[in-house]
Each structure stands twice: as structure tokens, then as C-alpha cells.
Amino acid sequence: MEERPGDDRPQLPPPSLWPVGFAVGVVCLLVGLVISWPVAAIGAAIALIFGFLWAREVATGRTLYAGPPDEPVADAPAIPANQGEAAMPEPAPGERFPRSRFLEGATLGLGAVIGAIVTLPAAGFALLPGFLKQKAHKVDLGPISDFEENKWKVVTFARDPTEADITRRTAFVRNNGLLDGIPSFTIISNRCAHVGCPVQPGGPVFEKDEKTIKTDNGDVLITPVLPAAGFICPCHGGSYDQEGNRIAGPPVRGLDRYEFDIVKGRLVLGDLYSVVKVEGSGKTARIKKVELHGPGQHASGPESWLYPLQPPH
């Protein structure tokens, strides 16, 4: 602000950089939630540092201004009362924190506390579940005697018996026989790795031989099948071999698989996991497994490095 003769008004203080740094930190935090946790952590740190400096500047009111070149930098003087507006009273001798400044800080602090009390619980309930690993229900598929060795079955079951209609799933199950005295099974999800369409067996389905088994998880439907051509997605032409490896079409990887346990002679499903590649077949297959990925998400190679960060499944 250019001084004029007889103008005793103080020069305007320069703009503060703390709000700019705070905004940059918030942007980095939001971008990091999409692409990378380290970027989100850096953004949060920047936002906290600049937010603290900004709040301290607002609370103390010590905005520096540049005087004439031959004068030292000093605190902005109070505006005289004869400028048309009532000036704040000067603090009494020895008073380090004027009452007006205390009231201003108390009002801002109380508003922030009220805003946090109202906002944080709602935001937590809405956002946190997506970033916490969801505990999957184990599913009893019935006695292993219902799964003949080297025979494929299409098994339909409810993942959560309390919500059977919306948690109904289908898997392809094959009994591989014993491996070191322990039953071995191949259990493949029917969710296509392209966009999640239901995959169909590439061969005849013997519906007349299907049977229903009563379990603690509700009814389990078991249907014999002969997937001689592997598994095929009818939506976009994705094709997989009998081990779930992608062999043609747009899917980015092989079919997901289920972990399993044998409990008192019964086959029990565990969590899903994704597969990069399966070498060999049956009980001697070597599986390169990774954590569960979503449809269309690469599990290996440079494409997997560039894929946005996903919440736990």
C-alpha cells in the first residue's frame, strides 16, 4: 500500500502462506487415499504442520508487516480510533492476553470441538468399514464323501446364513484325493476376473443328479459337472482352463480360489484369495497366490503398481 503525505494508516500485512500449505496437505491426503498410503501420510503430515502454524498465527494475532526499509519489522500497530471505527482498547499494563483475543480463540475452539463431535462419528461409521478387513463367515459344504475323487461339482451356498439371499455364492469344487494323507481340494470362485460376471463350466451340467445338503449355513446345492473345456464367461468371452488360469479373452488374471479346511470329515470354506498363476494340476499344483483383488485389478506386473489403492475385502 503506497503511503501518501499525511497518511498515518499502517501498511497492510502480507498474506500468510500457512493456509496455502494446509490446502496443499489436504489435497495430498485426498489423492493419497486413492493412489498410495505413503502419499496420504505425507499429505496428513503437511496438513497438520501448516494447520498448526495457521492456528497459532490466528490465535496470537502476530502478523508481521514490512515497514519502510530503514525501519525494523514490527508487529502491526493498532488502527487509531480517529479513523472512523472504534479501536480496541489497549491492554492494561502487564496484560499479556487481551480479553477480546481470548474470546475469539475460545469461540473458534468451541466451534471446532462441536464440529468434530458432530462430524467424526458419522464420517467414521460411513468410511471406516470400507478400510477394515471384513471377517468372512466359514461355510460348511457338507461331508467330503459327497465329493467323489477327481469329479467336479458346482456348489451353491450362502456365505452368511443370516443374509442368505444377498450372500449366495457359487464355486467349482474338485476332490483331488489325498496329499500326504490329507484330503486335497480345488475350490474355484465363479466370479470372472474381468468385471465380475458369473463364469459357467465349459461342459455338460448334470442337473438330474443334483442334491441338496442341510448344513448350519443353510441349504447347499451340489450339482455334478464336466468342465472339459474349462470355464467360460458368457458376458465378454473370458476363458479359463480347469485350474482357473486365464487362456483367452479380456480377464486380467485367473479365477480366485477359496481356502478350505477339513473339520470332522466335512469340507469347510474359508477366505477367498486371488491367483497370479497355477502351475501343474490337481493336488500337485503350485499356486502363486496373493491377497484378494477385485475384478479388473491386475495381480502382477507394472499394471498392478499403477492400480488405485483398494480397501481390504
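A salt bridge is a side-chain nitrogen of Lys or Arg within 4 Å of a carboxyl oxygen of Asp or Glu. With that in hand, here are some close-up views of this predicted model.

**View 1. Arg174, Glu243 and Arg257 are joined in a network of salt bridges.** Start here to see the definition at work. Side chains of opposite charge can pair when their charged atoms come close. The structure holds 10 salt bridges, and the next views pick out some individual pairs.

**View 2. Arginine 266 and aspartate 140 meet through their side chains in a salt bridge.** The N to O distance is 2.7 Å. This pair ties together distant parts of the chain, 126 residues apart: arginine 266 belongs to strand β14 (residues 266–279) and aspartate 140 to strand β3 (residues 139–143). How covered are the two partners? Aspartate 140 is buried, with a relative accessible area of 13%, whereas arginine 266 is partly exposed at 27%.

**View 3. Lysine 289 and glutamate 259 form a salt bridge of 3.5 Å, N to O.** Here too the pair links distant parts of the chain, with lysine 289 in strand β15 (residues 286–290) and glutamate 259 in strand β13 (residues 257–263), 30 residues apart. Lysine 289 counts as partly exposed at 43% relative accessibility, and glutamate 259 is also partly exposed, at 34%.

**View 4. Aspartate 256 and arginine 253 pair in a salt bridge of 3.3 Å, N to O.** Both aspartate 256 and arginine 253 are buried.

**View 5. Helix α3 covers residues 99–127 and has a bend.** The helix has 29 residues, so at 1.5 Å a residue it should span 42 Å; its end C-alpha atoms lie 40 Å apart, which agrees. Where does α3 bend by about 30°? Look at threonine 119, and then find proline 121, which follows within four residues.

**View 6. A nonpolar patch lies on the surface.** Its members include Phe22, Leu30, Trp37, Trp54 and Leu108, and together the patch residues have about 1,000 Å² of accessible area. Two elements, α1 (18–35) and α2 (37–60), each give two or more residues to the patch. Which of the elements gives the most? That is α1, with 8 residues.

View 7. The structure's count comes to 0 disulfides. Cysteine 192 is buried, at 1% relative accessibility; cysteine 235, in contrast, is partly exposed, with a relative accessible area of 43%.

**View 8. Aspartate 180 has a positive phi without being a glycine.** Its phi is near 55°. You can find aspartate 180 in the loop between β5 (168–179) and β6 (182–189), where it is exposed, with a relative accessible area of 76%.

**View 9. Lysine 264 has a positive phi of about 55°, although it is not a glycine.** Lysine 264 sits in the loop between β13 and β14. Is this residue buried or exposed? At 83% relative accessibility, lysine 264 counts as exposed.

Note on methods. Residues numbered from 1 in each chain as written. Predicted model: local features only at pLDDT ≥ 70, side-chain atom pairs only at ≥ 80, totals over all residues. Heavy atoms only, no water. Expected span 1.5 Å × (residues − 1). Bend = angle between axes of the 7 residues up to and from the residue. Patch = residues over 30% accessible without salt bridge, like charges linked within 9 Å, V, L, I, M, F, W, Y side chains within 5 Å. Areas by Shrake-Rupley, 256 points an atom, 1.4 Å probe, with all protein chains shown as cover. Disulfide = S-S within 2.5 Å. Buried < 20%, exposed > 50% of the residue type's maximum accessible area, 1.4 Å probe, protein only.
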